[in-house]
Amino acid sequence: MKNKRIVISCWLLTIGYMGIIFYLSSLEGTDLPSLPQYFDKVVHICIYIPLAFLCSFSFRKSGVKKNVFLLSFIITVFYGITDEIHQLYVPGREFAIGDILADSLGALLGSYLAFVASIKRDIDRRSL
């Protein structure tokens, strides 16, 4: 039963983080600070790294062993795309391919970091 609670907690954390992204995307363009040119892409990357990491972590805790990197990457990119579509309906916001590319880079980095962390954890466990 303890494992089930951990799995549920991990997914709730992941979904909660998605909710934070959705909330930030719901802010009207006039409510956002102005950023230097292209700095918003850095923000997108930094926001999507943890999402991919959380997805990967949640999949692993759920017992998924194969294609975790790919699953995490695809789900995170898909969420980024749906987030951009959502912004079409928010005043002062827009759909931007550049944002999707930045989200995808963040998804790639987050999935990679989670993959490396899982390999390190597996090596540490084997050396015990």
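## Two loop residues

Asn-67 sits in the loop between H2 and H3, where helices (H or I, at least four residues) and strands (E, at least two) are DSSP runs, numbered from the N terminus. The phi of Asn-67 is near 60 degrees, a positive value in a residue other than glycine. How accessible is Asn-67? Its relative accessible area is 52%, so Asn-67 is exposed; here buried means under 20% relative accessible area, exposed over 50%, and partly exposed in between (1.4 Å probe, protein chains only).

Tyr-38, in the loop between H1 and H2, also deserves a look. Although Tyr-38 is not a glycine, it has a positive phi of about 70 degrees. Tyr-38 counts as exposed, at 59% relative accessibility.

## The model and its overall make-up

Before going further, please note that this is a predicted model, in which local features need pLDDT of at least 70 and side-chain atom pairs count only at pLDDT 80 or more, while totals for chains, interfaces and linings use all residues. Residues are numbered from 1 along each chain as its sequence is written, and side-chain values use heavy atoms, with hydrogens and water left out.

The protein has 4 helices and 0 strands, giving the pattern α-α-α-α when read along the sequence. Its C-alpha trace spans about 55 × 30 × 20 Å along the principal axes. Of its 128 residues, 32% count as buried. Among the contacts in the protein with a separation of 6 or more, 79% come from residues 24 or more positions apart; contact means heavy atoms within 4.5 Å.

## How the helices cross

Let's turn to H4 and two of its partners. The axes of H3 and H4 come within 9 Å and cross at roughly 155 degrees; axes are lines fitted to C-alpha atoms, for helices over the stretch in contact, and angles run from 0 to 180 degrees between N-to-C directions. H3 and H4 are therefore roughly antiparallel to each other. The cut-offs are these: angles under 35 degrees count as roughly parallel, over 145 as roughly antiparallel, 65 to 115 as roughly perpendicular and the rest as oblique. H3 passes H4 in a right-handed crossing; a crossing is right-handed if the near helix is turned clockwise from the far one by less than a right angle, and left-handed if anticlockwise. The residues making this contact include Phe-69, Ser-72, Thr-76 and Gly-80 of H3, and Asp-103, Ala-107, Ser-111 and Phe-115 of H4.

For H2 and H4, the axes come within 6 Å and cross at roughly 40 degrees. These two helices are therefore oblique to each other, and H2 passes H4 in a right-handed crossing.

## Aromatic pairs

How many aromatic pairs does the structure hold? There are 2, with rings of Phe, Tyr and Trp (its six-membered ring) pairing if their centres lie within 6.5 Å; planes under 30 degrees apart count as stacked, over 60 as edge-to-face and the rest as tilted. Trp-11 and Phe-59 form an edge-to-face pair, 5.0 Å centre to centre and with 85 degrees between the planes. This pair links distant parts of the chain: Trp-11 belongs to helix H1 (residues 2-26) and Phe-59 to helix H2 (residues 39-61), 48 residues apart. Trp-11 is partly exposed, with a relative accessible area of 25%, whereas Phe-59 is buried, with 11%.

Phe-69 and Phe-115 have ring centres 6.2 Å apart and planes at 80 degrees, so their pair is edge-to-face. Again distant parts of the chain are linked, with Phe-69 in helix H3 (residues 68-87) and Phe-115 in helix H4 (residues 97-126), 46 residues apart. Phe-69 counts as partly exposed at 29% relative accessibility, and Phe-115 counts as partly exposed at 35%.

## Two buried serines

Ser-72, in helix H3, is buried, with a relative accessible area of 0%. What does the side chain of Ser-72 reach? It reaches the backbone nitrogen of Ser-56, at 3.1 Å. Leaving aside its neighbours within four places in sequence, Ser-72 is in contact with Ala-52, Cys-55, Ser-56, Phe-59 and Ser-111.

Ser-25 is found in helix H1 and counts as buried at 4% relative accessibility. Not counting residues up to four places away in sequence, Ser-25 touches Asp-83, His-86, Gln-87, Val-90 and Arg-93.

Methods
Polar contact = N/O pair within 3.5 Å; in protein donor to acceptor, adjacent residues only side chain to side chain.
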